[in-house]
Amino acid sequence: MRVVFCGTPEFAVPTLRRLIAEPGMTVEAVVTQPDRPKGRGQEMASSAVKEAALTGGIHVYQPEKIKSDSAYEFFYRVQPDAVVILAYGQIVPMRLIEIPRLGWINLHGSLLPAYRGAAPANWAIANGETRTGLTTMQIDAGMDTGPILLQQKMEIGPEETAPELLARMAEAGAPLMVETLRGLERGEIKPQAQDASKASLAPMLKKEDGRIDWSLSARQVYNRMRGFAPWPGAYTSFRGQMCHLWGRQAEGPPANCAGDPGTLHVTERELRVTCGLKSWLRVDEVQLEGRKQVSAREFANGARLKAGERFAKE
């Protein structure tokens with residue numbers, strides 16, 4: 001089977017490596033985003049997929065726009081049996097989708113039609129889900145609306161962060177993709193249309209998603225901390241400054257921990273914040289804007305917190 005692989009971030013690398021090593025499959029080329037400036041120095045950097053492809057001796061193609069005529073000519077010339085696409089970063093036009101005989105096969109980080117969109121694992125954790133999964137599907141002109149091929153369920157740990165879940169998904173997705181391609185080739189998989197009435201969305205994360213709403217329960221705040229790691233994280237305002245927080249739901253109501261949501265309480269052992277539904281968040285680490293990340297104890301000592309002081313609502 002002749003395959004073209006499209007992908008960009010680290011999430012896609014395990015599947016690419018598996019396809020390169022898979023007997024009876026040939027990765028004809030890898031398509032990934034162009035090199036971009038990165039870091040404080042804004043030096044040009046390659047994607048994780050490009051680095052893996054070059055290590056594996058695979059030809060790399062980096063079109064600025066996959067909708068371009070030159071991209072069409074590339075795929076038409078290669079005529080792959082299938083195109084595997086994982087987190088590539090651009091919408092694929094219909095004229096490209098029609099080229100490979102087995103279609104464009106995508107690995108999506110949810111049990112579709114749940115959590116269609118760019119950040120399914122992040123939103124599943126942020127919303128307090130305890131189960132999720134992986135779906136392979138044939139892409140169509142819509143956003144994650146194509147027919148389902150195979151699915152694999154996965155548990156979400158009660159303290160698991162988005163990067164941790166995504167790392168597990170990436171590893172589990174590699175054999176699932178191979179199984180999908182083999183099944184399609186043998187005619188053993190029948191694509192199943194999605195039930196659009198059960199669809200939910202997982203849009204691309206925005207900075208504003210990380211702003212803490214202290215009226216939520218401590219568990220809800222903690223879920224969003226886990227789901228929005230490492231970006232946009234979870235942040236609030238303290239004495240007029242942006243303040244990023246790391247923490248977890250506190251165990252049991254401590255003495256004298258009351259007040260409106262957002263109220264800070266320093267105990268002998270920890271820093272806690274009142275949340276909604278009479279719950280409390282234990283703060284582990286704090287980073288004020290323009291400063292380094294410190295422990296909650298260092299923050300409390302340096303700030304000399306006053307009784308009843310609060311993290312701001314806005």
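In what order do the seven strands of the open sheet run? This is a predicted model, and here are my notes on it.

1. The order is 5-2-1-6-7-8-9, and the pairing in this open sheet is mixed. The edges are strand 5 (60-61) and strand 9 (148-155), each of which pairs on one side only.

2. With strand 6 (residues 82-86), strand 7 runs parallel, joined by three bridges; I85 has N106 of strand 7 as its bridge partner. With strand 8 (residues 131-138), strand 7 (residues 104-108) pairs in the antiparallel sense, over four bridges. There, H108 sits opposite T135 of strand 8.

3. Is strand 7 enclosed or open? Largely enclosed by the rest of the structure, because five of its five residues are buried. In a regular strand, side chains alternate between the two faces of the sheet. Here W104, N106 and H108 point one way, while I105 and L107 point the other way, and all are buried.

4. Now the packing. The largest nonpolar core has 48 residues, and F5, L19 and L181 touch the most other members. Helix 6 (residues 162-186) gives the most to this core, with ten residues. Apart from this core lies another, of 23 residues, with W214, L281, L288 and F311 among them.

5. F5 deserves a look on screen. Leaving out residues up to four places away in sequence, F5 touches a list of residues including A12, L16, L19, V31, V49, V84 and L86.

Terms used. Residues numbered from 1 in each chain as written. Predicted model: local features only at pLDDT ≥ 70, side-chain atom pairs only at ≥ 80, totals over all residues. Heavy atoms only, no water. Pairing = 2+ DSSP bridges. Helix = DSSP H or I, 4+ residues; strand = E, 2+ residues; numbered from the N terminus. Core = buried A, V, L, I, M, F, W, Y, C linked by side-chain atoms within 4.5 Å. Buried < 20%, exposed > 50% of the residue type's maximum accessible area, 1.4 Å probe, protein only. Contact = heavy atoms within 4.5 Å.
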